[in-house]
Amino acid sequence: MEVPTPSGYTFQGRWVSAQCTQRLLNSSQINDCLKRKLIYLLGDSTLRQWIEYFPKVAQTLKPFDLHGTGLYKKHVLLDAERHILVEWKKHSHPFITVQLYSVIDDGYIPQEIDRLPGDKDTVIVITLGQHFRPFPMELFIHRAISIQKAIERLFLRSPDTKVIIKTENVREMNLDTEKFGDFHGLIQYLTAKEIFKDLHVGTVDAWDMTIACGSSNLHPPDDVIRQQIDVFLNYIC
């Protein structure tokens with residue numbers, strides 16, 4: 001399905017999709033849905049917010065320390081009893097930060113996808129954009145097409161795998177706008193929609209969601225993250 005423009009609206013603080021019928025899942029339904037799921041989050045810190053929020057959605061998920069270094073190490077949540085894994089790993093260069101991070105286990109998103117066997121209980125969520133804004137558009141296009149091809153290879157070997165694209169979101173307008181402004185982000189957002197539209201993937205439209213919620217922040221507040229995860233759960237449950 002082609003994502004409409006806009007893809008939804010907010011009503012009484014809740015995101016309402018213009019594309020799909022959404023259900024509000026309770027804790028029991030979420031726990032049953034996540035049972036035996038392997039969830040891989042590949043992207044930037046806006047997706048890391050998901051793994052930081054997930055224990056509030058499924059309280060049986062507990063952090064597992066892989067002895068990484070710094071804020072941008074691989075993050076893992078486990079529920080051994082229900083066989084649930086949630087893993088976040090940052091995308092590789094370009095990755096702009098003032099904090100130190102290890103590149104020992106670094107990998108580009110297409111490489112990470114190629115390493116996953118996939119099955120009906122595997123879910124991959126992908127986002128990219130914020131760290132590409134200061135660079136020529138060709139770099140973003142090349143990476144997005146590489147990811148598109150990796151997803152096609154994944155579907156050939158495991159067509160039941162679920163893939164969700166989380167678009168980038170809007171951010172502050174007063175911080176280094178020439179490099180990181182939403183003008184660059186909008187072009188990347190529209191380009192990504194065009195590149196991934198012919199694939200059998202779900203879309204969490206963080207761009208429209210953060211506009212509708214009035215969240216002009218690189219890292220949206222928890223209520224916006226919760227609504228993004230609600231849309232995600234509607235795709236996989």
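Modeller: A residue is buried under 20% relative accessible area, exposed over 50% and partly exposed in between (1.4 Å probe, protein chains only). This model is predicted, so local features need pLDDT of at least 70, side-chain atom pairs pLDDT 80 or more, while totals for chains, interfaces and linings use all residues. Residues are numbered from 1 along each chain, and side-chain values use heavy atoms, without hydrogens and water.

Colleague: Is H83 buried or partly exposed?

Modeller: H83 lies in the loop between β5 and β6, and its phi is near 60°, a positive value in a residue other than glycine. Most residues other than glycine have a negative phi. With a relative accessible area of 49%, H83 is partly exposed.

Colleague: What is the relative accessible area of H67?

Modeller: H67 is found in the loop between β4 and β5. Its phi, near 65°, is positive although the residue is not glycine. H67 is exposed, because its relative accessible area is 69%.

Colleague: Which residue of β5 is the bridge partner of K62?

Modeller: Strands β4 and β5 (residues 75-79) run antiparallel and are joined by three bridges. In β5, the bridge partner of K62 is L78.

Definitions and conventions:
Two strands pair if DSSP finds at least two bridges between them. Helices (H or I, at least four residues) and strands (E, at least two) are DSSP runs, numbered from the N terminus.
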